[in-house]
Amino acid sequence: MTVSNVQPQVSHGADNIPAVDNWHIVSLIAYCRPERFTAFKQRLQQQPFTEHHGDDKHAKLIITIEATTTTELSQRMDSLRDDPDLLTLQMVYHQDDSVQP
């Protein structure tokens with residue numbers, strides 16, 4: 001799996017919550033090879049601003065990725081797609097919490 005070196009340029013305020021003007025969140029459904037499911041989830045935990053929220057016995061996961069730009073989101077999704085244990089990755093939601101001037 002290719003690990004992205006992109007880190008959001010953010011400062012952290014109270015409770016270590018990033019303080020940024022632009023924040024993008026995507027929700028994804030991933031299917032991976034059942035025999036490599038545990039290894040895939042372990043690698044997923046190493047990805048910055050990436051969480052998995054549920055899975056099932058069929059090697060399906062719900063994942064969210066957060067980033068300060070759509071470019072970062074794309075790079076992180078591409079990084080996941082490059083994983084040899086991933087079969088499919090489908091984006092189901094994108095939220096743009098950018099502050100408008």
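I looked up W23 to begin with and found W23 buried, with a relative accessible area of 13%. Buried means under 20% relative accessible area, exposed means over 50%, and partly exposed lies in between (1.4 Å probe, protein chains only). I note that this is a predicted model, where local features need pLDDT of at least 70, side-chain atom pairs count only at pLDDT 80 or more, and totals for chains, interfaces and linings use all residues. Residues are numbered from 1 along each chain as its sequence is written, and side-chain values use heavy atoms, with hydrogens and water left out.

**Rings**

I searched for aromatic pairs, that is, rings of Phe, Tyr and Trp (its six-membered ring) with centres within 6.5 Å; planes under 30 degrees apart count as stacked, over 60 as edge-to-face and the rest as tilted. The count came to one aromatic pair. W23 and F49 form this edge-to-face pair, with 5.6 Å centre to centre and 80° between the planes. W23 lies in the loop between β2 (18-19) and β3, and F49 in the loop between α1 and β4, so the pair ties together parts that are 26 residues apart in sequence. F49 counts as partly exposed, at 27% relative accessibility.

**Sheet**

I took helices (H or I, at least four residues) and strands (E, at least two) as DSSP runs, numbered from the N terminus. Two strands pair if DSSP finds at least two bridges between them. I found an open sheet of four strands in the order β4-β5-β3-β6, with antiparallel pairing. Its edge strands, β4 (50-55) and β6 (86-96), each pair on one side only. I then followed β4 to β5 (residues 60-67): the two pair in the antiparallel sense over five bridges. The bridge partner of H52 is I63 in β5.

**Helices**

For angles, axes are lines fitted to C-alpha atoms, for helices over the stretch in contact, and values run from 0 to 180 degrees between N-to-C directions. Contact means heavy atoms within 4.5 Å. Helix α1 (residues 37-45) lies across β3 (24-32), β4, β5 and β6, at about 15° to β5. Helix α2 (residues 70-81) lies across β3, β5 and β6, at about 150° to β5.

**Core**

Which residues touch the most other members of the largest nonpolar core? I listed L28, F40, L61, I63, I65, L80 and L89, out of 17 residues. Such a core is a set of buried Ala, Val, Leu, Ile, Met, Phe, Trp, Tyr and Cys residues joined through side-chain atoms within 4.5 Å.
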